[in-house]
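Have the structure open while you read.

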Amino acid sequence: MLTLKPQAVGKAFFDAIFFLHGIYKLFLSAAKFIFYLRKPPVRTVLFKQIYFTGIEALNSIVIIGVLIGLVIITQISNLVGLANVERTVKILVWIVVRELGPLFTAVIIMARSGTAIAAELGSMKVSQEIKSLEILGINPAAYLIMPRILGVTLAVMILTFYFELLTILGGLGVASILWDIPFWEHTKTFLSLISPLEITVSLIKSLFFGIIISTIACYQGYIVGQTITQIPQAAAKAVIQNLFLILIFDGIITMIAFL
Amino acid sequence: MMLRFQEVAVFEHLPKTSFSFPGGVLGKIITASDYSKNLILDLLLGLEKPEHGKVYLFNKDLAELSSQELYELRRRCGVVLSGGGLISNLKIRENLALPLLYHTALHPEEIENKLMNLLNLTGMAAAHSQDFDEYFGRLPGPLSLFEKRQIALARAMATDPDIMIYDSIFEGISSDAAKKILEITVNFHQQKEGRCSIYLSVHEDAVEPIKTDWIIRVAA
């Protein structure tokens, strides 16, 4: 029989508080260096991060978006019938724009870029490269962390928009070929039903998810000790912590916006 | 006084240690262990705080400075680490240019000229005249220890620092390579009036060729 020790619960609670405080402090310490974007090396890190997180992830976003769109359209059509265009599109908007768009994009980026950033910074920590930067008079928060947080956040916001567009239009397009669903009718209905509230909520979610993914990844990489074995552990921790915090924020934003 | 340790101690690792380096001095610090050598380097750059005593860099008490002020002071120091300390995801050319691009508002052409002068000074330009673009466009991972130190040396010299610190730079390389580095560092020391150059080492024989009376021996 499993017994829950009070000490374990207490430790987990304080570990969580310590972790949340740590990422909060890291975010603030990086954010105050936003004006360092005037320095060419900092801009280079930002552009590289946008390229890696945004441009290189496009293939995955396109494929997953169209497939998810097809699956959702199929299930909705089974539920409400092929003739019920307005209801079909309304459910599509609710599911994709309000929830799946920001969530799925965040999960893809978390798995791809979150782990890479945690591993990269952890590796730099172990090999003393972060210390080298400090010796050169370069603040790691300004050069390494701030451009990564900004780059990932911008990329997540843009990719979320692309994902939603591809999911809806791609799904409708494939479904129109396979099941003779009227594509233009559904698309016009979608454009008439989508509201500023849905777009704003989607944007806010993707903003928060981008900040969470990048900050946690940078935090886990930065606190790696002196052994190489801690690097994959940092990447794994970043994924789990990201998942929890993204789902919590998703729930909070959804309840605030739609209840 | 460029650098001053005033009764600096770290429990179990560094006994009470006092020394100073005025401007213009070329000196050596010989420690009993690698750990205390790295600790002294961290203390004098403000990367660690002593448990007792004070560290002054450019007459400023490092304990009184904010983290941003410490970064500003470190810009006036050039440090060559024993492993080079290069950034592995930056090409050699990018490693060399990083301090100038980050700390100065020089144009790319001015930076290019400055780096060429330094590469000529360190002998790297001549050694790679045939494959210049290809060599300096590589990542630094596969380079030899001597090459990494040469690049780190050129990078440290780029900002014309007031203090140069060399961490075990003669060890682990051939005697010819060590002589070459010694010649470059001594010449560079003489190029700026008041520049202080400090050679850190665990092995006294490694820094024996450096002719100076300013020798600090740190006990275990």
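Let's start with a helix pair: helix 4 of chain A and helix 9 of chain A cross in a right-handed way. Keep in mind that this is a predicted model. Helix 4 of chain A covers residues 85-126 and helix 9 of chain A covers residues 230-258, and their axes sit 9 Å apart at an angle of about 150°. Since angles over 145 degrees count as roughly antiparallel, that makes helix 4 of chain A roughly antiparallel to helix 9 of chain A.

Who makes the contact? On the helix 4 side of chain A, the residues include R98(A), E99(A), L103(A), M110(A), G122(A) and V126(A). Helix 9 of chain A answers with residues including I231(A), N242(A), L243(A), D250(A), T254(A) and F258(A). By type, the residues of this contact between helix 4 of chain A and helix 9 of chain A split into 16 nonpolar, five polar and three charged.

| Cavity | Volume | Lining by type |
|---|---|---|
| Largest cavity | about 90 Å³ | six nonpolar, three polar, three charged |
| Second largest cavity | about 70 Å³ | six nonpolar, no polar, two charged |

The largest cavity is lined by residues of both chains: I135(A) and L136(A) from chain A, together with R74(B), R75(B), C77(B), G78(B), V79(B), P99(B), H103(B), R155(B), A156(B) and T159(B) from chain B. Strand 6 (77-80), helix 3 (92-103) and helix 7 (145-157) of chain B are the elements that each give two or more residues to that lining. Which element of chain B gives the largest share of the lining of the largest cavity? That would be strand 6 of chain B, with three residues.

The second largest cavity has R93(B), L96(B), E112(B), L115(B), M116(B), L119(B), F132(B) and F136(B) around it. Helix 3, helix 4 (108-121) and helix 6 (132-136) of chain B each put two or more residues into this lining. Helix 4 of chain B supplies the largest share here, namely four residues. No polar residues turn up in the lining of the second largest cavity, while the lining of the largest cavity has three of them.

Key. Residues numbered from 1 in each chain as written. Chains lettered and ligands numbered in written order. Predicted model: local features only at pLDDT ≥ 70, side-chain atom pairs only at ≥ 80, totals over all residues. Heavy atoms only, no water. 1 Å grid on protein atoms, 1.4 Å probe; cavity = no way out; pocket = protein on both sides within 12 Å on 5 of 7 lines; lining within 4 Å. Points joined across faces, edges and corners; volume = space filled by probe spheres on them. Nonpolar A, V, L, I, M, F, W, Y, C, P; charged D, E, K, R; others polar. Axes fitted to C-alpha atoms, helices over the stretch in contact; angles between N-to-C directions. Parallel < 35°, antiparallel > 145°, perpendicular 65-115°, else oblique. Left-handed = near helix turned anticlockwise from the far one by under 90°. Contact = heavy atoms within 4.5 Å.
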